[in-house]
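Hi everyone, thanks for coming. Let's walk through a structure together, one piece at a time.

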Amino acid sequence: MSGAVTITADSVPRLPRGVKLQFDKTRDNWVMQAPERLFVPDPIALEVIKRCDGTANVAAIIDDLARTFNAERAVIERDVSALLQDLANKGVMTA
Amino acid sequence: MTAPEPPLAILAELTHRCPLQCPYCSNPVELERARGELDTETWCRVIREAAELGALQIHISGGEPTARKDLEEIVAAASQAGLYSNLITSAVLLTEARVVALAEAGLDHVQISFQDSKAAGADRIAGYKGGHEKKLEAARWVRRAELPLTLNLVVHRQNLDHLQELFDMAVAMDAHRIEIAHVQYYGWAYENRAALLPSRAQLDRATEVVEAMREKLKGRMAIDYVVPDYYARRPKACMGGWARRFLNISPAGKVLPCHAAETITGMAFDSVLERPLADIWRNSEAFERFRGTDWMPEPCRSCERKEIDWGGCRCQAFAITGEAANTDPACELSPHHQVLLDLAGAESGTATPDFVYRNYRNIPEAPKSATPVVTDRTPAE
């Protein structure tokens, strides 16, 4: 791979080619699939991943989540940054 | 008994035809001919049935799946059915136009096999001149099409010492993932075990390389490496357990709990031409036979790990002990464990014989994989 991805507030995160988020109707949950990997995101991670559409930057995603869930921005910011970096380290998020 | 969980993935072996002749091929020694293969329409129907049943992934394999001219149609059917598609290929028949067409049909991931780090060794192992260079070129096409790439390495005595170079190759070709699998000794590999089994020292060095690379490539490349059975203390959960997560469809349409299940003689497998896939998954004799834990003998039956390793590999139990229902001899609790260790020790210490290449010419008259090792190792030997 071309190198580790670092996620910052300005990054515009998206799922790389070969990584897909889809609803599994048989098991009634969302799954994220990647080469030989399958993740079942928890409800919070799911809200974050759904917003990684390749248009919104991290700051905008955090704003949106803080507004939608009426939560403290600093808390959301910490959680979202950690989550996105973790997903990037696993190769299932890019920017 | 409650209804079984739906399968997670199907392995579609589109054909047994392959230009390569790797002497450890996991295909059965009685290879299916082209005329016996399922047609396009049937594959597309089966793919829809698999998705309906709950499968999320399709691994498209063979033989060499690109030997099928209708591969793009099959990939498109998988994509339309919502399956995550993974092409497992030797890549020597690919062209750049075809890689682009497959990407456009919705292919999600490509795995290319490499037999060694340099052309001379790789082409000799694969029994195909010029193959290594073609693979390197195909890997570039895959990355140019922005498809994620896995390097697929089957390792053994004759390439294990080149593992570091193979990692360097994976980095150079911008691969996302490397999968290192030791040869599994049934079928063709069983015929060639004396040429393939690595020494303990080779394995130890390989493990060191993998550990160093895991650290170095953290966050950049996924590394899947499994210790070979004969040096493990407990068996692997082969296929995640028989009939629990995977089903395999042979070129002729037989539905198997694993790709090697036909090496177990005396078992009957249903065909997608005769029975709906869901019915085969849920009710067929072959799938029910070793599903869950009710079939288990001791020492599995009372083992605390029985729902972790599911008794290990049925094919290996059959190949080594002559009885598929026995505990996998990879387990140190198996009464046959020593036979496996002796086999690994004895064969890895011998001089390296020539390969029996995997091709239609070398199909043995009777499937030798069905000959249990126990009777193979008579005092006369």
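Strand S2 (residues 29-34) and S3 of chain A pair in the antiparallel sense, over three bridges. Two strands pair if DSSP finds at least two bridges between them. Within this pairing, A:Met32 stands opposite A:Phe39 in S3(A).

Before I go on, some housekeeping. This is a predicted model, where local features need pLDDT of at least 70 and side-chain atom pairs count only at pLDDT 80 or more, while totals for chains, interfaces and linings use all residues. Residues are numbered from 1 along each chain as its sequence is written, and chains are lettered from A and ligands numbered from 1 in the order in which they are written.

Back to our strands. They belong to an open sheet of three strands in chain A, in the order S1-S2-S3, with antiparallel pairing. S1 (20-24) and S3 (37-39) are the edge strands, since each pairs on one side only. From one strand to the next, the twist averages 30 degrees; axes are lines fitted to C-alpha atoms, for helices over the stretch in contact, and angles run from 0 to 180 degrees between N-to-C directions.

Next, helix H2 of chain A, residues 58-68. Which of its residues are buried? They are A:Val58, A:Ile61 and A:Ile62. Seen down the axis of H2(A), these buried residues fall within an arc of 100 degrees, so they line one face of the helix. That arc is taken from the directions from the helix axis to the C-beta atoms. A residue counts as buried if 20 or more other C-beta atoms lie within 10 Å of its own, exposed if 12 or fewer, and partly exposed in between, with C-beta atoms placed from the backbone. The face turned away from the buried side carries the exposed A:Arg67 and A:Thr68. Just after H2(A), A:Asn70 takes a positive phi of about 50 degrees.

Finally, chain B. Strand S8(B), residues 246-249, has B:Phe246 and B:Asn248 pointing one way and B:Leu247 and B:Ile249 the other, and all are buried. S8(B) pairs with S1(B), residues 9-13, in the parallel sense over four bridges, and B:Phe246 is the bridge partner of B:Ala9. S8(B) also runs antiparallel to S9(B), residues 255-256, joined by two bridges. S8(B) and S9(B) form a hairpin with five residues between them, and B:Gly253 in the turn has a positive phi of about 100 degrees.
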